[in-house]
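Biologist: Before I rely on the labels attached to this protein, I would like to see each one set against its definition. Could we go through them in turn?

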Amino acid sequence: MPDSAMPPASAIPPVPMALYETDFPAFSQNLGAAFERYGFAVLGGHGIDPALLDRALSATKAFFALPEETKRKYKTGIGGARGYTPFGIETAKGATHHDLKEFWHIGRELPAGHPYTEYMPPNIWPQEIADFHASTYALYEALDALGKKVLRAIAVYLKLDADFFEAPVNEGNSVLRLLHYPPVTTPGESVRAGAHGDINVITLLLGAEEPGLQLLDRDGQWLPITPPEDCIVCNIGDMLSRLTNGVLPSTQHRVINPAEARKDFARFSTPFFLHFEPPYLIETLPNCITDAHPDLGAAPITAQDFLMQRLREIKLA
């Protein structure tokens, strides 16, 4: 491959997930330091079964290959929280042009009568893809478990009890997004994903090996995030940034359109947006107010109210 076609080097080196078991303090420190510096970290050797990843990706590709009229049968009227969101709808906050993507959302499955069914509608599943439900929900559960490990490390880094986040996210309103960015065959002002910050607590992203993901560094420079295989990109969302008074920043990021050599290739990626439980009150942690981080004065707000406020801003509610 010529140098011009090589993906850019990733700005953030991976933190080995193996350290979680062998040297948890080092894992927590390395992960937390990356988050505090960039708002992003990369987990190396994430441990999710490769066969499951292959199944979920195959099911995802099969769904997006369906005819448009078939996919649109699964478009819901619940703010994009479940099912299919067609190409050309989601728009980054403050942007005038929609993103070049379509996606499918999967949420937590709750038993009948659960008090959170008011906030978390039931999933819908495409009937045309045999393994879609089983493979993608198994991936949801695997990423949910991994996210809780990351939050345990973050809690220790912030000098909180290790289980500080356990109850607030136990039945959180978390969403798995299956993303399809079609080939970019014509020039225009839209990009695959405009600059934005994530709404949630943390995001775990599979599929970042394909170049295009960039974060906005504190000096105003866009840095590439193109990790090796077997890695997961993880970033801080606005909810956790608000809770920590900006100690862990929610960094603007984007997915730019591909270089000429890759313009005919689709991009598939799978972010898992880990959320607090809907009633959780996001209120600045006292130990995150210091001389280095003066109180930003964010008013307390429930996770559900914050979510709805932000969904309206990006045209999903």
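This is a predicted model: local features need pLDDT of at least 70, side-chain atom pairs count only at pLDDT 80 or more; totals for chains, interfaces and linings use all residues.

Biologist: How do you know that the span of helix α3 agrees with what its 15 residues should give?

Modeller: A helix here is a DSSP run of H or I with at least four residues, numbered from the N terminus, and its expected span is 1.5 Å times one less than its number of residues. For residues 50–64 that gives 21 Å, and the end C-alpha atoms of α3 are 21 Å apart, so the two values agree.

Biologist: Which residues of α3 are buried, and what makes them line one face of the helix?

Modeller: Buried means under 20% relative accessible area, exposed over 50% and partly exposed in between, with a 1.4 Å probe and protein chains only; in α3 the buried residues are L52, A56, A59, T60, F63 and F64. Taking the directions from the helix axis to the C-beta atoms, these buried residues fall within an arc of 130°, so they line one face of α3. The face turned away from that buried side carries the exposed residues P50 and D54.

Biologist: What do the buried residues of α3 pack against?

Modeller: With contact meaning heavy atoms within 4.5 Å, their partners include α5 (132–157), β4 (102–107) and β12 (267–274).

Biologist: Why is L143 called buried?

Modeller: L143, which is found in helix α5, has a relative accessible area of 0%, and is therefore buried. Leaving aside neighbours within four places in sequence, L143 is in contact with I48, L176, L204, L206, I232 and F272. The C-alpha atoms of L143 and I48 are separated by 8.2 Å, although the two residues lie 95 apart along the chain.

Biologist: How many disulfides are there, and are C234 and C288 buried or exposed?

Modeller: A disulfide is a pair of cysteine sulfur atoms within 2.5 Å, and by this rule the count comes to 0. C234 has a relative accessible area of 0% and C288 one of 3%, so C234 is buried and C288 is buried too.

Biologist: What share of the protein chain counts as buried?

Modeller: Of its 317 residues, 51% count as buried.

Note on methods:
Residues are numbered from 1 along each chain as its sequence is written. Side-chain values use heavy atoms; hydrogens and water are left out. Helices (H or I, at least four residues) and strands (E, at least two) are DSSP runs, numbered from the N terminus.
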